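Student: I've just opened this one and would like to go through it with you. Where shall we begin?

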Amino acid sequence: MATLISRTTVKRPVVLSRREVMRWAAAAAPLIGVNGCGQLVPESQRQRDDVSAWPEYSPTRAIGNGYGKDPDLIDPGVPWERVLSHTERSTARFLADVILPAHNAAPAASDLGVCEFLDEWVSAPYPQQSQDRRLLISGFRWTEEEVRRKFGVSLTQLNTSQQTEFFDALNEMTISVNNADIDSTMPARFFARLKALVVGAYYSTQQGAELLGFLGEAPILGDYQGPDEAALEHLAGALTRLNLVLPDVSKLRFGGGG
Amino acid sequence: MSLELTAALQDNDVVIVGSGAGGAMSAYALCQAGVKVLMLEAGRDYDPVAETPMFQSNDMAPLRGVATPDKEFGYYNATVGGGWSVPGEPYTHGSGDAFRWYRTRMLGGRTNHWGRLVPRFGPYDFKAFSRDGLGVDWPIEYQEMAPWYDRTEALVGVCGANSGLENHPSSSEGVLQPWPGARIHELFVKAACDDLGIPCEPARRAVLTRPIDIRQACFYATPCDRGCSIGAAFQTTTSLLPLALQTGNLTIITNAHAYAVTTQPDGRARGVLFVDKTSEAHYEAAGRAVVLAASACETARILLNSNDGDGLGNGSGQVGRNLLDTAGTTVVAHFPALEGRPRYNEHGIMFGHMYIPWWLYKEQLRGELDFARGYQIEFNGGMRRAPSMSLGQIAFAGGAYGAKLHEDAYRAYGSSIYFAGQGEMISSENCYCEIDPDTKDQFGFPVLRFHWQWSDQELNQVRHMRKTIAEIIDRLGGEYLQPRNTPIDEAIRKPGEHIHEVGTTRMGNDPDASVVNSWSRAHEIPNLMIADGGVFASMPHKNPTLTIMALSWRGADKLQEDARNGAL
């Protein structure tokens, strides 16, 4: 069932456990609210009535063709033009780095090409990407407008505390996304989707995979060795905490199992 | 008429339609026996040695390689020219649930990307009607198939181990290659299964852990669904086809879209009509015998479209009927206990090294379950494959952004496992394909129209598999990454999605109730053999491809024996 792998990993919506949602919703309640238009209303603004409206982007830009059903797999290329404007790109760059900034050995998202990837993604002619194009371009505009309305500066001019205040509130809202019990706002949907795309794009680079410690593409000349002692020790501890017993590993190594 | 083609069409003993598991195995067996074979493949030529993106990384592919309507199993997946839709070759929806039909247009067909899980059918599987009164029995028994399974496993190259479980037959000594061993996420699930009294056993996979003939052993590093340029993950394009070509007895014509079988005045098959897709010219390939292995539904379509649409070999009216797939469901869960675990090379042979075979035979026989047939559960996950776009969805569930998100992503990576239950459905008059009277493909040939309706057997079975999966997830402290209580008619995967479609030209002893006999030969046409899953009398919960190949070899062996004895 190789078929399962790509399907389950690509298309499945993520829904938080109810327990998790309730915990987050409770935590978020004092901080944020939702106005009647489905807009994010941070605490400091709740008394005011002039929150930026969601600027629904109508897809007017020309979208190219897909890569077809028999593309070159050895030397892949992207056949479609990019649609983001210079301003949208710079917003995308800023937001990607808010989501995954440089941290210890990890470079910022923009240094791993995530901004260029977002442009490639929203420019693609496929249904999922077309949906994201609408959501993301609207979201970029909303973010710029809301920041300017609230702080009187552009996104890139936010100081650290303003940035924290703004994105903490926005991020708290993402907990509602994909949960049928809670009405999610467009800004929340936007930021949740952007986060998922940025994280996926970042760690699916070769450098991102290294940061996660991925070791699965090193060819082995000889028999597959399986888990090492450290991995087994960690598992034994985890199983003990679950009141379970580690299976007899000596019978479950290469060449065993019979 | 192209001279090259004209020459290829001369002096062939057997014409085979299709180069996938069934067609390639017949070609191999016949060519080894000195029979001249002409093979017609509807797709393009495909060379896995040159075309497999073994080490290409996700960030080299458009959209990081995610699935799109052009490449429905991902950019790098070894599917050429098709998927759930093939341009210019539609199929239509008749009644009930919409059937999904996965096709490729490439040499080697779907063997280039399949899951390579190859359990044997067992004694019960061939005689299920005798056990529970549902469906029909096969006209053959397990004991007749056992030597063909041994032979097929040895040729294909299967790694695994004998479990000794009820209705899960062992291979003979020395047939199986070494099993690659359990990985962390597999030991983790097995621990819960041991506690719950559920078996969790080594899976048999058509992946080499030892080199054979022209193929190398697995080096445990690249995704098998892209195909395998070193031949370790079985596909006909690196094994049966080159081995058959080496005999000098095989000629393959690609881009040859077969659409009808022609007959002699005495009713025997004369050859196959096809369109050369590059020139749009029509040809007939003649032979002393014809083997159809175009895949179950396409073979049924060829028979129904033969004789100018009056059909061929369909005295029973069963061609296209008894369409079966696997009934199944998938569940993905995240396991906090696996978070942040130590890294090691977890790739292995990529596919699951372990699985959960069906174990409640006695309970079923005593009538304690509300469904008659078994299921198996495949599971996989962990850190086998390079991180992909799906990691974004896992990390998002943690809720953070900024520096903490880096830490969450590290913790989350490798901590989710998916489970796929796969159960046996029972043939019914509500699941079938037929010729659509209105719609034609780009070549002007009528297309198939599908009808489908699950019965309570399958719905109850899927309910039970979801319960079993839930018990395992709960025992391991897992959290669902999808709604837990999905209504069952949504939780059951769509018909056709397992790509296990079989049964449309089923075998049997009664010519009024089946299309082929126990040697996979059409009841009405002694020199017409069917070598794909169409011949299955039932579709056990076990994956079909090993049995397709074993039956194909057995049938081809009998075909050349009959030819030698003048019986054709």
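Predicted model: local features only at pLDDT ≥ 70, side-chain atom pairs only at ≥ 80, totals over all residues.

**Salt bridges, interface and a few residues**

Tutor: Let's begin with Arg449(B), which is partly exposed at 23% relative accessibility; that class lies between buried (under 20% relative accessible area) and exposed (over 50%), using a 1.4 Å probe and protein chains only. Residues are numbered from 1 along each chain as its sequence is written, and chains are lettered from A and ligands numbered from 1 in the order in which they are written.

Student: Thanks. Which residue does Arg449(B) form a salt bridge with?

Tutor: Glu434(B) is the partner, and their closest N and O atoms are 2.8 Å apart. The pair ties together parts 15 residues apart in sequence, since Arg449(B) sits in strand S15 (residues 446-452) and Glu434(B) in strand S14 (residues 432-440) of chain B. Glu434(B) is partly exposed too, with a relative accessible area of 23%. The salt-bridge rule asks for a side-chain nitrogen of Lys or Arg within 4 Å of a carboxyl oxygen of Asp or Glu, and helices (H or I, at least four residues) and strands (E, at least two) are DSSP runs numbered from the N terminus.

Student: How many salt bridges does that rule give over all chains?

Tutor: The count is 45. One of the pairs is Asp13(B) with Arg288(B), at 3.7 Å between the closest N and O atoms. Asp13(B) is in the loop between helix H1 (3-8) and strand S1 (14-17), and Arg288(B) is in the loop between strand S8 (281-286) and strand S9 (289-292) of chain B, so this pair links parts that are 275 residues apart in sequence. Arg288(B) counts as exposed, at 52% relative accessibility.

Student: Which residues are linked in a network of salt bridges?

Tutor: Arg120(B), Asp150(B), Glu153(B) and Arg204(B) are linked that way.

Student: Switching to the interface: how much area do chain B and chain A bury between them?

Tutor: About 9,200 Å², with 64% of it on carbon and sulfur atoms. Buried area here is the accessible area (1.4 Å probe) that two parts lose on being put together, summed over both. In residues, 121 of chain B are in contact (heavy atoms within 4.5 Å) with 102 of chain A.

Student: And how many salt bridges are counted between chain B and chain A?

Tutor: Three. In one, Glu72(B) meets Lys69(A), with the closest N and O atoms 3.7 Å apart. Another pairs Arg210(B) with Asp223(A) at 2.9 Å, N to O. Arg210(B) is in the loop between strand S4 (201-202) and helix H8 (240-246) of chain B, and Asp223(A) is in the loop between helix H8 (206-211) and helix H9 (229-241) of chain A, so the pair joins two chains. Arg210(B) is partly exposed at 32% relative accessibility, and Asp223(A) is partly exposed at 29%.

Student: What does chain A look like by itself? How many helices and strands does it have?

Tutor: Nine helices and two strands, running α-α-β-β-α-α-α-α-α-α-α from the N terminus on. Of its 258 residues, 53% are buried.

Student: Is H7(A) enclosed or open, and why?

Tutor: Largely enclosed by the rest of the structure, because 16 of its 18 residues are buried. Helix H7 (residues 186-203) of chain A reaches 26 Å from its first C-alpha to its last, close to the 26 Å expected at 1.5 Å a residue; the expected span is 1.5 Å times one less than the number of residues. Thr185(A) caps the N-terminal end, with a side-chain oxygen 3.1 Å from the backbone nitrogen of Ala188(A).

Student: Back to chain B for a moment. Is Thr468(B) buried or exposed?

Tutor: Thr468(B) is buried, at 3% relative accessibility, and is found in helix H13 (residues 456-475) of chain B. Not counting residues up to four places away in sequence, Thr468(B) touches Ile198(B), Trp359(B), Tyr375(B) and Ile377(B).

Student: And for contrast, where is Ala102(A)?

Tutor: In the loop between helix H3 (86-99) and helix H4 (114-122) of chain A. Ala102(A) is exposed, with a relative accessible area of 55%. Leaving aside neighbours within four places in sequence, Ala102(A) is in contact with Pro107(A) and Ala108(A).

Notes. Heavy atoms only, no water. Polar contact = N/O pair within 3.5 Å; in protein donor to acceptor, adjacent residues only side chain to side chain.
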